[in-house]
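I opened my notebook to look up strands, cores, loops and a pocket. The entries follow in the order I made them.

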Amino acid sequence: MSKTIRYYRHSETEWNKQGRLQGWHDSPLTQHGVLLAKQIMWKPDVVYCSDLQRAVATANYMFPNDTIHQRAELREIYLGNWQGKWIEQLQHDSHYQCYQETPQHFRAQSQESFATVTKRMLHVHEQLLASTYENIAVVSHGVALACLFCALRNDSIENLWEYMLTSAAYEAYDWINQ
């Protein structure tokens, strides 16, 4: 049996557009974000998404005729006291600079660590591989997916930002079980 898992990043939100960090906070999709999500023309067997509303809204626009199964493990990285802040305001924060420029040296303070995000995303991934579904859609978040993609490629978290998807973009993984 072959299996395809398509991991989608949620569509563009108002805060994405404004340059604000979301983490576990939410903001609505922009009109452009809605249009991007509606362009997806794939029919999966099952759809999973983060329980954050921007991911739920994206999944509903992408797959309007499917049941959406929400999972908290697919949430974005928890950004603690940075959530809701303007990225521009954080540019002089040395802790935020480390997060952005040298993620391999980042030590979470009020935030969730990259290792914790990676562990929960890999756990979901392993469950999906063990499921009986052949075509699986997953709608999650930028950093959460980048952590997963780094781990799936056995890459260093140092290269985390190379794995960031744009809004409503996806990366597909195909497996053939013998």
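**Entry 1: terms and ground rules.** I began with strand pairing: two strands pair if DSSP finds at least two bridges between them. Helices (H or I, at least four residues) and strands (E, at least two) are DSSP runs, numbered from the N terminus. I noted that this is a predicted model, where local features need pLDDT of at least 70, side-chain atom pairs count only at pLDDT 80 or more, and totals for chains, interfaces and linings use all residues. Residues are numbered from 1 along each chain as its sequence is written, and side-chain values use heavy atoms, with hydrogens and water left out.

**Entry 2: the strands.** I looked up the partners of S4. Cys49 stands opposite Val139 in S4. S2 and S4 pair in the parallel sense, over four bridges. S1 and S4 also run parallel, and I found six bridges for that pair. Tyr7 stands opposite Val138 in S4. Arg6 has Ala137 as its bridge partner in S4. I then looked at Arg6 again, and its bridge partner in S5 is Ala172. S1 and S5 pair in the antiparallel sense, with seven bridges.

Next I asked how much of S4 is covered. Five of its six residues are buried, so S4 is largely enclosed by the rest of the structure. Buried means under 20% relative accessible area, exposed over 50%, and partly exposed in between (1.4 Å probe, protein chains only). S1 is mostly covered as well, with seven of its eight residues buried.

**Entry 3: Thr4.** Is Thr4 buried or exposed? Thr4 has a relative accessible area of 18%, so it counts as buried. Contact means heavy atoms within 4.5 Å. Leaving aside neighbours within four places in sequence, I listed the contacts of Thr4: Trp42, Glu134, Asn135, Ile136, Tyr173 and Asp174. I also checked a distance: the C-alpha atoms of Thr4 and Pro64 are separated by 20 Å, and the two residues are 60 residues apart along the chain.

**Entry 4: the cores.** A nonpolar core is a set of buried Ala, Val, Leu, Ile, Met, Phe, Trp, Tyr and Cys residues joined through side-chain atoms within 4.5 Å. In soluble globular proteins, nonpolar side chains tend to be buried together. How many residues does the largest nonpolar core have? I found 34, and those with the most contacts inside it are Tyr7, Trp82, Tyr99, Phe114, Leu128 and Phe149. The elements that give two or more residues to this core are S1 (2–9), S2 (46–50), H5 (94–101), H6 (114–130), S4 (135–140) and H7 (142–152). H7 gives the most, with eight residues.

Setting aside neighbours within four places in sequence, Phe149 is in contact with Tyr7, Tyr163, Leu165, Glu171 and Tyr173. A second, separate core has 16 residues, including Ala37, Val47, Cys49 and Phe63.

**Entry 5: helix H3.** I checked residues 53–62, which form H3. Its buried residues are Arg54, Ala55, Val56, Thr58, Ala59 and Met62. What covers them includes S1, H2 (31–38), S2, S3 (68–71) and S4.

**Entry 6: the loop between H7 and S5.** Asn154 lies in the loop between H7 and S5 (170–176). Its phi is near 55°, a positive value in a residue other than glycine. Asn154 counts as exposed because its relative accessibility is 72%. Ala168 is in the loop between H7 and S5. Phi of Ala168 is near 65°, a positive value in a residue other than glycine. Ala168 is buried, because its relative accessible area is 9%. Thr166 is also placed in the loop between H7 and S5. At 55% relative accessibility, Thr166 counts as exposed.

**Entry 7: the pocket.** A pocket is an open set of points on a 1 Å grid over the protein atoms alone, where a 1.4 Å probe fits, with protein on both sides within 12 Å along at least five of seven lines; lining residues have an atom within 4 Å of a point. The volume is the space filled by probe spheres set on the points, which are joined across faces, edges and corners. I noted about 310 Å³ for the largest pocket. Of the 21 residues that line it, the closest to its centre are Arg9, Asn16, Leu21, Ile87 and Met164. H5 gives the most to this lining, with three residues.
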